[in-house]
Amino acid sequence: MGAAVLRGLGLLLAAVLTLWPTAAWASPATVVPVGRAVGIKLFSDGVVVVGTSEIATDGGSVNPAKACGLKEGDIITHINSTEVDTIEEVSALLQKLEGEAMSIRAIRDDKQVQFTAKAALCSADGAYKLGAWIRDSMAGIGTVTYYCPETGAFGALGHGINDTDTALLMPLESGSILPATVAGVEKGKAGSPGQLQGVFDTKATLGLLHANTAGGVFGVMADSGWVEGTPVEVAGRDEVREGGASILCNISGDRVEEYAVRIEKVFPQREDDCRDYLLKVTDPRLLETTGGIVQGMSGSPILQNGKIVGAVTHVLVDDPTSGYGIYLGRMLHQIDN
């Protein structure tokens, strides 16, 4: 698409690509297409370094994180022998150590690395700090793609949840999906993707997340009564055609409606790219309300000839009427591995 800019539609800004064997895509399955918006919460396995900064001390400005070799994108898993998964755990350990030398274990490019550092005493607030900005969780609105009544399994988003600063896939410690109501829509326009504005019910849990992958987030539904719809067959990849199709999405309240789209192009099967279709919104109702594809619609199931063929994943920032989709078989394959 030349210089076209892509935007993930759920909780992230960039997709992560992974190699997938192609043989596992052959078996059809029957699932319920959902298309309903949910709140999604994810807690990371370790804490992600999203940047570093100087710390003002009585002896001048220092940056222990940068000095010891920590970099943006590193995932800190242990300080000394203690496992850390939250910002609060890291801060508590730093205060306990009071500037003593400590060992830091982290994951970088899927490999374990180790550093030695000393936290600095900040003159502004009297707290010991490492000089690293860290993240331990993310939350946002997305769309559930499918539900399997036999197993209770569900898939959503059609792309992974990536850290917004490093664009790296967030390592999953735990997560859940929550009931959500779409309260409004910020309409998309060229150069400025729109978004669904949702309200979460934080006191209820619909399901628990088990995996965060390049092809979506997956888990098991705790409340099967939340899902409505009839199971349909998953189309074989060779059955998907360029031409008319539809998507199910939730752009107001909790109501799911079907809207017309066109599959402009079915790309050849590519192991290193989760973009399987080029889509164009053609439904006047959806264009009037959203301008096309907006953030939060990520995961909206795509239907063609009575079968589910995939999910919406990205919008073209310079043309919000167009975007990309992932083949549903590719999503299903994520949870087989």
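Let's start with charge: the protein chain carries 26 positive and 40 negative side chains, and the centres of the two sets lie 4 Å apart. Here Lys and Arg count as positive and Asp and Glu as negative, while His and the chain ends are not counted. Each charge is placed at NZ of Lys, CZ of Arg, CG of Asp or CD of Glu.

This is a predicted model, in which local features need pLDDT of at least 70, side-chain atom pairs count only at pLDDT 80 or more, and totals for chains, interfaces and linings use all residues. Residues are numbered from 1 along each chain as its sequence is written, and side-chain values use heavy atoms, with hydrogens and water left out.

**Overall build**
- The protein chain contains 4 helices and 23 strands (DSSP runs numbered from the N terminus: helices are H or I with at least four residues, strands E with at least two).
- Along the principal axes, the C-alpha atoms fill a box of roughly 70 × 40 × 40 Å.

- Of the 337 residues, 53% count as buried (under 20% relative accessible area; exposed is over 50%, partly exposed in between, with a 1.4 Å probe and protein chains only).
- Among contacts with a separation of 6 or more, 71% join residues 24 or more positions apart (contact means heavy atoms within 4.5 Å).

- Thr145 sits in strand β11, which spans residues 132-147.
- Thr145 is buried, with a relative accessible area of 0%.
- The Thr145 side chain reaches the backbone oxygen of Gly299 at 2.6 Å.

How values were computed. A polar contact is a pair of N or O atoms within 3.5 Å; within protein, one must be able to donate a hydrogen and the other to accept it, and residues adjacent in sequence count only if both atoms are side-chain atoms.
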